[in-house]
Amino acid sequence: MKVGIQGIGLLAAGLEGWRAGRAVLACTEPFAPVAVPDPEAALLPPNERRRSSDCVRWALHVAQEAIAQSGLDPREVPTVFASSGGEMGVLDTLCRTLAEPERMISPTLFHQSVHNTAAGYWSIATTCQQSSTALSCFDDSFAAGLLEAITFVCVEQRPMLLVAYDLAVPAPLSEARPIATGFAVALVLAPPSDCSLAGMHLRLDEAHQDEPTGLVDSALEQVRQDNPAARSLPLLRAIATGGSQRVRLSLLESQQLVLDLDPCRN
Amino acid sequence: MPPNAQPLTPLTLTAYTLVTANGRGVGPVLQALRERRSGLKPCDFEDVPLKTYIGRVEGLEDFSLGNELDRFDCRNNRLAWLGLQQDGFMVAVAEAKQRYGAHRVAVVMGTSTSGILETEHAYQARDLAGSLPAWYTSRYRYTHNMFSLGHFVRACLGLRGPATVISTACSSSAKVFATADRLLRAGLCDAAIVGGVDSLCLTTLYGFSALQLLSTSPCRPCDEDRDGLSLGEAAGFALLESSQCVSRRGAVALLGYGESSDGYHMSHPHPEGAGAIRAIRDALGRAGLQPRDIDYVNLHGTATRVNDAVEDKAVSGIFGLATPCSSTKGWTGHTLGAAGITEALISVLCLKHGFLPGTLNCKRIDPTLHSRILRDNDVRPVRRILSNIFGFGGNNCSLILGTLR
């Protein structure tokens with residue numbers, strides 16, 4: 001199965017935006033992580049932005065960057081949102097409230113607790129009425145989202161926006177699911193004829209003696225291991241460095257996504 | 001239908017199983033449908049004092065998964081386990097595994113809240129420093145994480161193909177059919193286990209209560225005095241295979257599906273049902289069918305004022321005033337992330353046994369609704385059914401199921 005990558009959005013400490021992130025991943029700039037300021041998420045109306053969760057702002061921010069780069073109309077692009085735990089901050093607040101005797105939870109917070117909150121806010125902000133899926137595959141959520149997106153592009157022969165995100169988990173929930181820093185990435189994928197950033201061929205392989213691809217830079221490798229959405233880093237690095245490259249992403253213990261990257265001719 | 005979509009090769013439901021408040025397995029569920037026996041009872045879940053009715057599955061409180069699966073133990077996975085044990089489902093999956101190989105069978109599950117009840121309990125059991133108990137933190141991955149259900153089902157069935165959990169609120173376990181179809185068509189698997197499980201928890205009970213969407217009586221879809229939904233819990237699974245690979249005649253199959261978004265509001269449907277209309281039309285297009293080819297519409301029909309009115313607008317706009325429609329939530333309650341598979345499998349029972357369920361608890365049909373809403377059960381041959389599911393975030397999915405000739 002082959003797709004073209006038409007747009008990339010990226011947000012993480014030291015990787016603010018694809019342009020800056022590409023320079024770091026191609027080793028032309030040093031990786032210097034500093035705390036990310038609250039993302040602009042300019043698509044959201046101010047009142048929605050104020051009420052929205054961190055996940056929503058991070059996810060929409062990278063989605064907007066990727067879609068702008070693709071030049072596509074977001075109303076025409078179906079979406080997949082992949083996250084290991086989704087709205088962990090909202091769930092923390094809800095569970096605290098449900099542990100109090102009155103259990104008076106906020107209706108807004110409740111409808112913001114669903115796994116498809118970011119997907120819903122994106123479709124509302126863009127008035128997109130296309131198919132939208134939110135999924136999880138624990139640590140392999142990025143790979144599962146990528147598989148869903150590439151399969152969709154190849155079967156339906158139309159572009160798709162993939163957004164993967166996981167944010168730092170607040171205490172005490174972090175005792176159960178330690179994720180130290182936030183990471184969000186978005187890819188616009190399309191049938192290969194529309195290739196603009198890179199072409200990518202996917203094969204699903206049984207788990208292999210070859211390890212999933214990691215990163216040489218130990219600080220970046222630490223980010224990759226900390227955050228499920230950051231499992232996208234080897235793929236992003238391959239795109240940033242260019243040339244023909246193979247990336248292996250783990251999909252559960254039993255399978256791997258084998259991604260062969262090719263630079264675009266045009 | 002989207003511009004480039006190909007008509008669907010029907011996917012056969014080779015085996016299926018369902019557990020709801022009406023009973024364990026499709027037999028008891030069918031019997032309850034025929035006898036018009038609701039599974040809804042006054043809320044007796046844990047210590048919850050809310051004045052509402054729930055569709056609780058009996059016996060989950062005293063249940064053991066056994067040592068090997070102990071780390072997965074939570075209400076949601078207990079319910080999943082109960083579902084897997086019914087209707088010879090495990091045997092059918094074992095045969096498919098034998099036929100295709102464990103790597104060639106995918107698992108695509110849907111849930112909205114997964115094992116969140118464990119986290120709710122853990123927060124109640126925090127120590128003085130505010131830390132969560134160790135029994136919980138070591139098992140978060142296997143219980144509350146959204147993928148837990150997929151992990152559990154895969155482990156129970158010994159499968160090694162692609163797996164994912166879709167969580168788009170109420171539409172979760174309808175959308176699993178669409179994802180499974182794409183995996184099959186792309187050649188990434190030869191069979192797929194689709195399904196969904198959602199179980200009662202404080203988050204949804206108090207959440208829908210806060211939204212003032214819980215009825216104080218058993219829910220009454222399409223009734224002029226309807227005043228909200230009743231929550232339920234369910235587990236349902238189906239084994240999907242391409243109809244080109246298994247014998248077709250008389251088999252029940254997925255003929256089409258449509259997925260869409262409202263792009264309007266997180267918890268209110270689009271006032272004109274724009275997303276619902278798009279999902280229904282997409283499903284018809286993919287199945288290569290016209291509205292007149294559909295014999296019955298299983299409505300989302302939650303019994304909230306707004307849902308039923310907007311859905312009626314969409315359905316009557318497409319199907320006119322003659323196609324029979326009903327909601328089965330008066331039997332099961334709204335099983336949220338499991339509603340898609342629950343109502344898909346109820347539709348399968350209607351196709352297999354030639355009957356249409358009337359809308360249980362609907363005494364006087366809301367005169368502002370235009371669709372032909374069935375109040376009483378009807379016995380007649382049925383060939384094709386459309387089932388609607390609409391969820392939070394404005395996430396919609398319609399499925400078309402039918403009998404193959």
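Visitor: Which residues have the most contacts inside the largest nonpolar core?
Guide: The largest nonpolar core of this predicted model holds 232 residues, and helix H7 (residues 141-156) of chain A gives the most to this core, with ten residues. In general, nonpolar side chains tend to be buried together in soluble globular proteins. Within this core, the residues with the most contacts are Ala59(A), Leu162(A) and Ala192(B).

Visitor: Which residues does Leu162(A) touch, not counting residues up to four places away in sequence?
Guide: Leu162(A) is among the residues with the most contacts inside the largest nonpolar core. Leaving aside residues up to four places away in sequence, Leu162(A) touches Val80(A), Ala82(A), Gly145(A), Leu146(A), Ala149(A), Ala186(A), Leu187(A) and Leu189(A).

Visitor: How many residues of chain A are in contact with chain B, and how many residues of chain B do they touch?
Guide: On the side of chain A that touches chain B, the elements giving two or more residues are H4, helix H5 (107-111), H6, E4, H7 and strand E7 (198-206) of chain A, and the largest share, eight residues, comes from H7(A). By class, the residues on this side of chain A divide into 27 nonpolar, 23 polar and eight charged. The contact as a whole joins 58 residues of chain A to 59 residues of chain B.

Visitor: Why is helix H6 (residues 117-126) of chain A described as largely enclosed by the rest of the structure?
Guide: The buried residues of H6(A) pack against helix H3 (54-70), strand E3 (79-82), strand E4 (132-136) and strand E5 (160-166) of chain A, together with strand E10 (252-261) and strand E17 (395-403) of chain B. Tyr121(A), Trp122(A) and Ile124(A) are among the buried residues of this helix. H6(A) is largely enclosed because the number of its residues that are buried is ten of the ten.

Visitor: Is Tyr136(B) buried or exposed?
Guide: Tyr136(B) lies in helix H5 (residues 134-137) of chain B, and it touches Ala176(A), Glu118(B) and Ala122(B), not counting residues up to four places away in sequence. A residue needs 20 or more other C-beta atoms within 10 Å to be called buried. Tyr136(B) has 21 other C-beta atoms within 10 Å, so it is buried.

Visitor: Is Arg51(A) buried or exposed?
Guide: Arg51(A) lies in helix H2 (residues 46-51) of chain A, and its C-alpha is 9.6 Å from that of Gln112(A), a residue 61 places apart from it in sequence. Because Arg51(A) has 12 C-beta neighbours inside 10 Å, it counts as exposed.

Visitor: What is the omega of the cis peptide bond that joins Ala171(A) and Pro172(A)?
Guide: Pro172(A) is found in the loop between E5 and strand E6 (183-190) of chain A. In general, most peptide bonds are trans. The bond joining Ala171(A) and Pro172(A) is cis, with an omega of about 0 degrees.

Visitor: What is the phi of Leu252(A), which is not a glycine?
Guide: Leu252(A) sits in the loop between strand E8 (245-251) and strand E9 (255-263) of chain A, where it is buried, with 23 other C-beta atoms within 10 Å. Most residues other than glycine have a negative phi. Leu252(A), although not a glycine, has a positive phi of about 60 degrees.

Note on methods:
Residues numbered from 1 in each chain as written. Chains lettered and ligands numbered in written order. Predicted model: local features only at pLDDT ≥ 70, side-chain atom pairs only at ≥ 80, totals over all residues. Core = buried A, V, L, I, M, F, W, Y, C linked by C-beta atoms within 7 Å. Helix = DSSP H or I, 4+ residues; strand = E, 2+ residues; numbered from the N terminus. Contact = placed C-beta atoms within 7 Å. Nonpolar A, V, L, I, M, F, W, Y, C, P; charged D, E, K, R; others polar.
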